[in-house]
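Please keep the viewer open as you read.

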Amino acid sequence: MGELELDGVTKIYDDAQGTETAVDSVDLTVRDGEFVVLVGPSGCGKSTTLRMLAGLETVTDGTIAIDSDEVQELAPSKRSVAMVFQSYALYTKMTARENMGYGLKHSSTLSKADRRRKVEEIAELLDITELLGDRPEEMSGGQKQRVALGRAIVRDPEVFLLDEPLSNLDAKLRSKMRTELQRLQEELDVTTVYVTHDQTEAMTMADRIVVMDDGELQQVAPPETAYDHPVNEFVATFLGSPAMNTFETTVRVNGETTSFVRNGTVFAELPSSAVSLSNGDRVTLGIRPEDATLDTDGDGTFTASVTVSEYQGNDNFVHLDVGDVELTTRVPPVVYPDAGDDVGVTVSPEDVYLFDIDSGRSIKTRGLTDSEPSIRTPPSTD
Ligand code: ADP
């Protein structure tokens, strides 16, 4: 068992520079065996949250419970959590075997032989048996990362805490380790909280992602739900690469059709039954790069001028200008217009996203339910 529950968890730093609320009333339940990824821009409070879970940082307010037992006052070693750091934090004078065994040294329940067996078992699982006699200085970044993981796994924690564990690795190794970590997590079935600023890492690995901004939780959801049904513009633009295009438009209701207009250009149209908006309302329109269809003959909802086509191999990024709006689109490799060309652009009604201009809250996300008019409410945040 390893259910983790955060209730109103808050961290306020109070130092010479002033008072800073790094983490603001975070409520989150991580189910036993679940892989949850905390993601958000630098400074949003991810590491502070993780460090509070580990016991490396005090909690200003709120509670942290593992299997219903509050742990926020307990020392790190009493919490049944194990943390892996970006810097690996291995003991340089110790071999891999000693590093991995260190956390077990004070175990009263395991004999020396048992501890040795355990380290060897985990080394085999991580494919580092041949490194057991090596010191960190003799290892590559990837090997050090595995030893750091092994040191955490060997302790059999209820909860695994990983702080940007792959960011010191090169791109190829990072992608390999991503897959491997997922496999390992499934095999060990241990509750895991993983921190990264890399939304791709979050989207590919998590059972649920926890998107944070400015110390606050924005959305907790499976990656595909957060991507298709972001609760607000922040989540919508944070997830996805290239990022969603967003800009302000004016609503024009014309009978059955509602259009979104800026400087005389109609950027998108919806059946009026799909949204509860009135003529003259101002809303932020969101278009994901992959949702725009380009027609080199110029047919489409609106016409745009190509500024740059970027060849990507499996697809192209085509950058467009429409008046004062700059759009990035992602299209199949066969679509490769030249700079200066005019193209027709269409976004189907299902793929139109709308946000409140002031609050950023979603008004419409992906999909279209004609039978259920009025505002589409994104699914609950949990
Ligand atoms: P993230 O991991 O998302 O990049 P952090 O949790 O490290 O963000 O930081 C959240 C906020 O708390 C930032 O504004 C940061 O400057 C502040 N902060 C972090 N650690 C301290 C500290 N020891 N003292 C004061 N402020 C801190």
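The centres of domain 1 and domain 2, taken over C-alpha atoms, lie 39 Å apart. Domain 1 covers 4-232 and domain 2 covers 237-364, with bounds that come from an automatic or database domain assignment. This is a predicted model, in which local features need pLDDT of at least 70 and side-chain atom pairs count only at pLDDT 80 or more, while totals for chains, interfaces and linings use all residues. Residues are numbered from 1 along each chain as its sequence is written, and side-chain values use heavy atoms, with hydrogens and water left out.

Now turn to the place where the domains meet. Here 14 residues of domain 1 are in contact with eleven residues of domain 2, contact meaning heavy atoms within 4.5 Å. The size of an interface is often given as the accessible area lost when the parts come together. Between domain 1 and domain 2 about 1,000 Å² is buried, 60% of it on carbon and sulfur atoms; this buried area is the accessible area (1.4 Å probe) that two parts lose on being put together, summed over both. Gln199, Tyr227 and Asn232 supply 55% of the area that domain 1 buries against domain 2, more than any other three residues.

Stepping back, the C-alpha trace of the protein spans about 80 × 45 × 45 Å along its principal axes. The protein has eight helices and 21 strands, which are DSSP runs numbered from the N terminus (helices H or I, at least four residues; strands E, at least two). Of the 382 residues in the protein, 49% are buried, where buried means under 20% relative accessible area, exposed over 50% and partly exposed in between (1.4 Å probe, protein chains only). Among contacts with a separation of 6 or more, 65% are between residues 24 or more positions apart.

On a 1 Å grid over the protein atoms alone, a pocket is an open set of points with protein on both sides within 12 Å along at least five of seven lines, a cavity is a set of points where a 1.4 Å probe fits but cannot get out, and lining residues have an atom within 4 Å of a point. Grid points are joined across faces, edges and corners, and a volume is the space filled by probe spheres set on the points.

The largest pocket has a volume of about 700 Å³. It is lined by 25 residues, of which Ser77, Val81, Ala82, Gly103 and Arg155 are the closest to its centre. Strand E6 (81-84) and helix H4 (141-153) each supply at least two residues of this lining. By class, the lining has 16 nonpolar, five polar and four charged residues; Ala, Val, Leu, Ile, Met, Phe, Trp, Tyr, Cys and Pro count as nonpolar, Asp, Glu, Lys and Arg as charged, and the others, Gly among them, as polar.

What is the charge make-up of the second largest pocket? Its lining divides into three nonpolar, one polar and six charged residues, including Arg97, Glu98 and Lys105. The volume of this second largest pocket is about 300 Å³.

Finally, look at threonine 95, in the loop between strand E6 and helix H2 (96-102). Threonine 95 is buried, with a relative accessible area of 13%. Beyond its neighbours within four places in sequence, threonine 95 is in contact with Leu132, Gly133, Asp134 and Arg135.
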